[in-house]
Amino acid sequence: FPLASFTISLHTVDSIIVTIKQRHGVSPSCFIHVKYSTRTELKIKPGDNVTFTFTCNTPEKYFIMEIQKNIDCVSGRCPFGDVNLYPPGLPRLNRTFIWDVKASTKAGLELKFSTPWLRQIEPGEMCPDFISYNINSCIDKATVNIGTFCRNGSVSRVKLLGGVIMSLHLPWDSPLTTSGFNIANRASIKRLCIIESILKGESSITLMSPNYPLGFPEDELMTWQFVVPSNMRASVFFHNYSLSNCERKEERVEYYLPGSLSNPEVFKLSDSQPANIAGSFNLSLQGCDQDAQNPGILRLLFQVVVQHPQIDENVTHLVDLSKEWNMTVTIHFEGWPSRVPLMSEPICLICKDPRTCDRVLTLVSGAVYKISFVCKDLSRLRITAEKGISCIDLRWCQRKIYSLVVPKAVTQLPIQLHKFIWKLLASDLINIEITSPSLKLQQHVPEQRCNRSYSYSIVSATPETELNVGIFCPGGSIEKIQMRNNVTISLKTFGKGFLNESNHQDLKMSFVPHIKDECIFTVSPNPKSKVYLQTPNWLYGLPPYVSISWYVIMPSKQVARLGFSKDRMGIACETGRAYVNIKEETLGAEETVRREDELLPDPRNMYHNFWVNISNCKPVDRKQLSLQFWVTFADKQIDLGVILAVVAGAGILVAIGLTVCCVKKKKKKSQNPIVGVYNANVNTEMPRKQGLFTKGRKNNESHVYAVIDDAMVYGHLLKESNGSVAPEVDVYRPFDGPMGSLPPSPPPLSFRKDIKRSSNTEEPLPLTDTDHDAYTFAHQKSGKSEDNGGAAEKNNGDTSKSLLENKEQDGPVE
């Protein structure tokens with residue numbers, strides 16, 4: 001195909017220079033052919049007439065073009081009116097038109113843009129159609145970048161002090177045939193520039209200070225003029241700013257607001273800026289004299305939002321925090337503070353008064369507020385509140401109970417509560433107790449998820465470690481949680497149901513003396529429920545050397561079934577040992593202890609209130625200890641031995657009753673009572689059936705009960721790594737330690753490392769060697785509180801004596 005030929009003819013009076021040059025970073029595989037020469041760059045000056053071709057069919061891939069026009073508005077006539085794209089017939093290349101206009105600082109220039117006006121963008125940002133304008137102000141020899149703009153915006157005019165360099169960047173395939181602006185006028189403005197922005201309807205615009213982000217010129221002043229319809233409301237938000245180091249004066253912003261009695265109103269850049277402005281207004285930025293050694297940077301990026309006035313913006317809501325202490329309430333947009341709202345998003349404003357509005361408003365305790373909302377959709381707003389409770393001296397705060405409920409001042413607002421945080425701070429040796437007397441708490445676990453409208457996240461923390469106790473919701477079985485360290489409780493809501501459920505909150509807190517474990521749970525389950533409980537810090541495991549206890553209160557007439565969700569702890573210890581301790585709270589109860597290298601206990605029945613203690617070591621690898629266990633309940637079964645004993649006892653009582661009746665009848669028949677003489681050599685014991693024990697209780701050992709180890713009955717189920725457990729039978733030695741409020745103590749760290757056991761099994765060492773009560777079973781079931789054999793023997797002896805006395809008086813008994 002023949003290559004296209006181009007001719008560019010420039011008049012001398014036009015003061016235009018056309019330069020075609022290679023694109024940066026592109027290899028020279030295409031060239032410009034002029035007459036008999038080939039070149040990579042072509043420069044056409046005023047008065048030249050040049051014809052040229054390209055040696056390729058796609059020159060836009062290899063070349064760009066600049067068209068620079070110099071305009072003198074100082075010594076010559078200033079060409080007011082539209083600025084044209086000249087010369088015509090240019091090749092289709094990416095091109096930049098540059099107008100360098102010289103003007104006096106006493107006169108200045110005004111550039112007026114045709115619709116759809118301009119929109120300022122940040123440096124590096126691209127326009128959707130790749131058409132962009134760049135405006136630079138020239139004062140003497142200094143050049144200030146006013147900004148870069150795209151089409152379709154609100155900037156309608158720019159007034160500049162001194163000259164201007166205006167650039168228009170067009171892509172090679174752009175159909176644009178006009179520059180889109182004109183030189184409108186010359187006027188002395190006595191400041192760096194004035195930017196006019198016309199806002200129609202609901203809209204949002206972003207503007208930046210000149211030279212952004214490099215820094216506003218020293219001791220300069222500039223102004224933005226905003227034209228706002230009288231029936232609309234405008235609000236200003238500073239999103240990014242920095243301050244220079246001032247030697248004299250002060251950096252500030254000044255507003256001329258409609259209806260204000262104190263114009264100009266002066267604000268610091270750190271202040272909340274005016275909002276809900278009815279009508280047009282001006283905003284000016286004033287710099288200062290900077291420190292020559294360390295000038296710093298003054299820059300500003302801000303947003304102006306225009307919206308219709310809201311129907312309920314005059315409705316005020318009373319927030320009474322006068323009786324609260326150490327509390328803050330923050331009303332904010334959804335996603336705050338992690339998410340920054342887009343500039344184009346509809347805005348929601350929270351106002352303390354008609355002019356003091358912001359997207360985020362923080363209220364503090366001890367005051368009363370009247371707030372209003374300028375927002376179409378209040379569901380996009382959220383409330384986050386925080387309250388601190390502390391205790392330094394236990395004598396002053398031990399008996400006080402604090403109610404952890406969301407105040408009415410917060411729940412009555414038409415805004416959804418996102419989170420309410422209680423920070424509970426205590427000094428050393430003072431711990432924190434959380435209770436839920438009526439609702440009780442349910443631990444959120446995979447097998448038993450919370451489905452309420454709110455939940456509590458509880459974290460216990462020290463400067464060194466943080467223990468995530470877990471997530472809890474009302475309606476469970478946990479009555480009390482005791483923790484050693486400072487505690488943070490975060491109530492988080494889900495949906496709108498919290499407004500109804502908030503009336504039934506019953507979480508309470510008190511300060512208590514020092515506890516031994518890191519955390520103690522008191523659990524009082526419903527007899528019909530299956531309760532799942534798991535160690536804190538579930539995802540990451542218990543920290544090293546941390547001990548956690550659960551105290552489970554048995555429902556009346558119930559037997560508990562306790563089991564673990566896995567068969568081993570799943571860790572190896574570098575130092576110390578990890579233990580699981582299980583102990584029933586009854587006199588003489590055995591304590592079950594398992595180490596990290598042993599199998600966890602199989603599911604077992606518990607007949608009394610019991611403790612579960614889990615203590616961690618320092619594991620070898622990063623994997624920490626995480627355990628879960630469950631508790632179910634069933635009705636207690638009546639023991640067959642108890643039934644037989646009751647029946648036997650009833651039979652003996654019936655026999656005694658019949659004997660007494662017979663004796664009384666015979667006494668009535670006898671007129672002369674016979675006097676009996678006691679003979680010690682005569683066998684006075686009535687013949688009776690031979691008992692279970694051939695010896696008397698004084699001569700045999702029937703009163704010493706053998707304790708059969710679990711391994712004897714369940715030996716086929718308990719498997720260790722080295723074989724089955726050999727059952728042992730021994731005389732039971734009851735527990736001699738404290739009972740009631742304290743959990744079972746794990747072995748001390750120095751003792752945990754070396755616990756020697758037999759080759760077939762490893763049993764915990766006995767807690768005491770003292771035998772206080774030889775008449776107590778290790779696991780005493782309901783209905784077996786007394787030895788039936790002993791009772792029967794005692795009763796038989798008494799009956800024999802009575803019968804003997806009657807026999808000596810009246811003769812043989814029939």
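Trp-538, Leu-539 and Tyr-540 form a nonpolar surface patch of about 410 Å². Patch members have over 30% relative accessible area and no salt bridge, with nonpolar side chains (Val, Leu, Ile, Met, Phe, Trp, Tyr) joined within 5 Å. The model is predicted: local features need pLDDT of at least 70 and side-chain atom pairs pLDDT 80 or more, whereas totals for chains, interfaces and linings use all residues. Residues are numbered from 1 along each chain as its sequence is written, and side-chain values use heavy atoms, without hydrogens and water.

**Surface patch**
- Trp-538 is placed in the loop between strand S45 (531–534) and strand S46 (547–552); strands are DSSP runs (E, at least two residues) numbered from the N terminus.
- Trp-538 is partly exposed, at 31% relative accessible area (between 20% and 50%, 1.4 Å probe, protein chains only).

**Strand pairing**
- S45 runs antiparallel to strand S54 (residues 628–635), with four bridges between them; pairing requires at least two DSSP bridges.
- Leu-533 has Phe-629 in S54 as its bridge partner.
- S54 is also joined to strand S47 (residues 558–564) by seven bridges, again antiparallel.
- Val-631 in S54 stands opposite Leu-562.

**Cavity**
- The structure holds one cavity of 30 Å³ or more (points on a 1 Å grid over the protein atoms alone where a 1.4 Å probe fits but cannot get out).
- The largest cavity contains about 30 Å³ of space, the volume being that filled by probe spheres set on the points.
- Its lining includes Ile-71, Trp-99, Met-166 and Phe-181, lining residues having an atom within 4 Å of a point.
- Strands S9 (94–102), S15 (163–170) and S16 (178–185) each supply at least two lining residues.

Technical notes:
Patches are made of residues with over 30% relative accessible area and no salt bridge: like charges are joined within 9 Å, nonpolar side chains (Val, Leu, Ile, Met, Phe, Trp, Tyr) within 5 Å. Accessible areas come from the Shrake-Rupley method with a 1.4 Å probe; for residues, only the protein chains shown count as cover. A salt bridge is a side-chain nitrogen of Lys or Arg within 4 Å of a carboxyl oxygen of Asp or Glu. On a 1 Å grid over the protein atoms alone, a cavity is a set of points where a 1.4 Å probe fits but cannot get out, and a pocket is an open set with protein on both sides within 12 Å along at least five of seven lines; lining residues have an atom within 4 Å of a point.
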